[in-house]
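Dear colleague,

Here is the structure I said I would pass on. My notes on it follow below.

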Amino acid sequence: MDKFRINLLGNKNTRFESMVFLISFFILAISMCFNAKSYIELNNKKNAYKSELEKIEPQYKQKVSLDNFKNEVTHINNLLNIRSFLWSNFLSNLEKVTPSGISISTVTPAFVTREVRIEGTALSTNILVGFMKNLQNSSFFANIFIEEQREVELKEVNQKLIGFSLTFKYNEKK
């Protein structure tokens, strides 16, 4: 039997084609070396940044969590202060020291500091002074300070009243 051979490449390879192939291969090898060098440099930078971040990250996480914790504690304490302010006791104690002739229109508590601001009117300056003395003599109220005193005229009944704003500390535990 005869062997049958097929040469698909043929014998037309010339020296010029071999040189082009060799030059192309050489250019490809050089570009691969540059790409590998760039990859290594970028990878080294990435690793340096990563290790730097790993050093900083625990401090940042601890600071953030500590700040969050402080904020949550402050918020909870404020809620406890609001809940511990017993309006019925406060109003009862305030009513005991309020003489007739005083009308209180606004009560504004600062729950955290236990400072209260009240606004109202008095029939006369003497009644307002008596009210302030009653507050001072009470064990529930301290640091009484008059912020504002003004004359208010009721035109309907042609009467002059004394408008006032007071601040004081409230201590319900006495």
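Of the contacts in the protein with a separation of 6 or more, 61% are between residues 24 or more positions apart. Please keep in mind that this is a predicted model.

The protein has three helices and four strands, arranged along the sequence as α-α-β-β-α-β-β. Buried residues account for 17% of its 174 residues.

The four strands make an open sheet in the order 1-2-4-3, with antiparallel pairing. Strand 1 (102-110) and strand 3 (141-154) are at the edges; each has a single partner strand, so one side of each has no neighbour in the sheet. From one strand to the next, the twist averages 15 degrees. Eight bridges join strand 1 to strand 2 (residues 115-122) in the antiparallel sense, and Ile102 has Ala122 in strand 2 as its bridge partner.

Two helices touch the sheet. Helix 2 (residues 87-97) packs on it, in contact with strand 1, strand 2, strand 3 and strand 4 (159-170), and its direction makes about 130 degrees with that of strand 4. Helix 3 (residues 125-137) lies across strand 1, strand 2, strand 3 and strand 4, and runs at about 165 degrees to strand 3.

Helix 1 covers residues 15-84 and includes Met19. Together with Leu22, Ile23 and Ile27, Met19 forms a nonpolar surface patch with about 400 Å² of accessible area. Met19 counts as partly exposed because its relative accessibility is 44%.

Regards

How values were computed: Residues numbered from 1 in each chain as written. Predicted model: local features only at pLDDT ≥ 70, side-chain atom pairs only at ≥ 80, totals over all residues. Heavy atoms only, no water. Patch = residues over 30% accessible without salt bridge, like charges linked within 9 Å, V, L, I, M, F, W, Y side chains within 5 Å. Areas by Shrake-Rupley, 256 points an atom, 1.4 Å probe, with all protein chains shown as cover. Salt bridge = Lys/Arg side-chain N within 4 Å of Asp/Glu carboxyl O. Buried < 20%, exposed > 50% of the residue type's maximum accessible area, 1.4 Å probe, protein only. Contact = heavy atoms within 4.5 Å. Pairing = 2+ DSSP bridges. Axes fitted to C-alpha atoms, helices over the stretch in contact; angles between N-to-C directions.
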